[in-house]
Amino acid sequence: MKLETFAIHGGNIVSDSEKPVVQPITLSTTFVHQPESMIYARANNPNRHALEKLLAGLEKGADAAAFSSGNAAGVAVFQALESGSHLIAPEDMYHGLKNAILSMFKGVLEVTFVDMADLEKVAAAFQSNTKLVWVETPSNPLLKITDISAISRLAKEKGAILACDNTFATPVFQNPIDFGADIVMHSSTKYFGGHSDILGGALITKETDEFWERVKNVQISGGAVPSPMDCYYLCRSIKTLPYRMKGHTEHAMALANFLSTHNAVEKVYYPGLKSHPGHPVAANQMTGFGGILSFQVKGDADDADRVISKLNYFTNATSIGGVESLIERRAASEGPNTLTPQNLIRVSVGLEHLYDLLEDMENALK
Ligand SMILES: *Cc1c(COP(=O)(O)O)cnc(C)c1O
């Protein structure tokens with residue numbers, strides 16, 4: 001089955017005697033005791049089971065676990081590590097997960113943040129107790145590219161698990177398991193939901209090994225699980241994921257090209273541009289470059305804010321992955337200690353008509 005076909009049929013498990021075409025939402029929290037019973041909705045329910053089957057198939061994994069947010073999914077991996085373990089993570093890791101490691105796991109886990117593009121630095125960061133390497137590619141907000149295969153070789157040599165946050169690329173453009181990742185993480189809030197109205201997260205595993213058992217225990221015992229409604233809506237949204245991603249990428253590429261020739265723009269960050277340092281690696285591990293780009297306007301934070309305030313179709317809001325274009329001056333969201341340049345604008349390019357988006361941006365940059 002090809003991706004587009006699986007996205008539509010892979011999560012549609014219909015067992016009802018009335019034969020609906022679409023799987024119903026099962027709100028029941030408890031199930032009649034019998035040999036194959038799901039028992040209790042925190043442990044499992046039909047809509048979550050369907051979503052997990054869909055996610056595992058999309059990421060070419062053996063199993064998946066759905067969570068109530070992307071952060072809950074990421075934190076479940078850290079919780080599954082034994083205390084005293086060391087992990088290596090990107091210095092530009094998604095700030096919400098970086099904050100979670102630093103605040104929740106202080107004194108429990110050791111962490112080294114490194115530049116994942118510098119393989120020597122990554123190799124030098126391993127310790128005898130390194131159990132996990134975390135990568136995020138493309139990264140946020142500079143769209144840095146990490147060579148998943150190269151990091152996977154280092155992790156394997158040292159017996160560490162490799163996890164990859166695949167939120168920006170989605171399985172439409174990148175399957176980290178193909179390049180050696182053991183665990184794939186997603187914020188389903190972004191492209192999976194696709195309409196800025198569902199909060200969710202997911203983990204997919206290459207193998208149902210002992211570590212995965214620990215992750216599943218965090219999911220079920222910790223209980224940060226999505227509702228049957230959210231699972232249903234995610235299955236529905238994912239049916240159009242492959243086509244939405246084609247549109248997002250086409251629009252982002254066109255906007256990146258437009259911005260990179262504009263004289264009010266200092267620099268554009270998009271892995272689809274040949275000028276991007278990660279372009280060759282991205283071209284090797286991705287089949288499309290995704291819908292997110294960043295750019296620096298010539299000038300300071302005020303100049304960047306002025307451009308944003310003049311736009312009509314790009315909404316000034318955080319988050320990514322919806323059908324509507326979103327834009328924000330990233331440093332303002334990341335707080336006073338951020339390393340992100342003050343004049344940097346991140347764009348989640350939406351599915352409005354491309355000419356409207358380009359015309360809007362052209363007027364705002366005047
Ligand atoms: C949004 C996001 C997360 C966190 O997901 P939530 O659903 O907001 O909890 C993690 N990683 C990346 C790359 C994200 O964009």
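1. Start with Ile 39, which is partly exposed because its relative accessible area is 48% (buried means under 20% relative accessible area, exposed over 50% and partly exposed in between, with a 1.4 Å probe and protein chains only). Ile 39 sits in the loop between α1 and α2; helices (H or I, at least four residues) and strands (E, at least two) are DSSP runs, numbered from the N terminus. Have a look at its backbone too: phi is positive, about 70 degrees, although Ile 39 is not a glycine. Most residues other than glycine have a negative phi, and most peptide bonds are trans.

2. A word on what you're looking at: this is a predicted model, where local features need pLDDT of at least 70 and side-chain atom pairs count only at pLDDT 80 or more, while totals for chains, interfaces and linings use all residues. Residues are numbered from 1 along each chain as its sequence is written, and side-chain values use heavy atoms, with hydrogens and water left out.

3. Lys 60 also has a positive phi, near 60 degrees, and is a residue other than glycine. You'll find Lys 60 in the loop between α2 and β1 (63–67). With a relative accessible area of 48%, Lys 60 is partly exposed.

4. Back in the loop between α1 (3–9) and α2 (46–58), check out Arg 42. Is Arg 42 buried or partly exposed? Arg 42 counts as partly exposed because its relative accessibility is 37%. The C-alpha atoms of Arg 42 and Leu 344 are 42 Å apart, and 302 residues separate the two along the chain.

5. Now for the prolines. Going from Thr 137 to Pro 138, the peptide bond is cis, with omega near -10 degrees. Pro 138 belongs to the loop between β4 (130–136) and α6 (148–157).

6. Next, a helix pair. Two packed helices are described by the angle between their axes and the distance between the axes. The axes of α3 (residues 70–80) and α4 (residues 95–104) come within 10 Å and cross at roughly 40 degrees; axes are lines fitted to C-alpha atoms, for helices over the stretch in contact, and angles run from 0 to 180 degrees between N-to-C directions. So α3 and α4 are oblique to each other (under 35 degrees counts as roughly parallel, over 145 as roughly antiparallel, 65 to 115 as roughly perpendicular and the rest as oblique).

7. Last stop: Met 229, in helix α9 (residues 228–238). Met 229 counts as partly exposed, at 37% relative accessibility.
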